[in-house]
Amino acid sequence: MLKLTPLKFFCAVVEGGTVAHAAERLFCVPSNVTMRLRELEEQMNVTLFNRERNRLYVTPEGRLLYEQAREILNRV
């Protein structure tokens, strides 16, 4: 079962562009955001971000999940 908190963290990173910005928006530390993203990727068995030089680039699978996650979160 997928929980909503990791989806919130994921959407915050996509929208903010960085883990640091998402952490600030979510009132938590960046390591917590990173951990939630990795857990979500493991749970879904998919890579949501390409990580290069401390930057995150959303993968096509990540873009698809983002669209679905926004819809889910907006309904809740």
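What covers the buried residues of α2? The cover includes α1 (4-16), α3 (30-44) and β2 (55-58), where helices (H or I, at least four residues) and strands (E, at least two) are DSSP runs numbered from the N terminus. This is a predicted model, in which local features need pLDDT of at least 70, side-chain atom pairs count only at pLDDT 80 or more, and totals for chains, interfaces and linings use all residues. Residues are numbered from 1 along each chain as its sequence is written, and side-chain values use heavy atoms, leaving out hydrogens and water.

Helix α2 itself spans residues 19-26, and V19, A22 and A23 are buried there. Buried means under 20% relative accessible area, exposed over 50%, and partly exposed in between (1.4 Å probe, protein chains only). Seen down the axis of α2, the buried residues fall within an arc of 100°, so they line one face of the helix; the arc is that of the directions from the helix axis to the C-beta atoms. After α2 comes F27, with a positive phi near 55°.

With a relative accessible area of 39%, P30 is partly exposed. Leaving aside residues up to four places away in sequence, P30 touches V19, A20 and A23, contact meaning heavy atoms within 4.5 Å. The C-alpha atoms of P30 and T18 are separated by 9.4 Å, with the two residues 12 apart along the chain.

Finally, V76 lies in the segment after α4 (60-75). V76 counts as exposed, at 69% relative accessibility.
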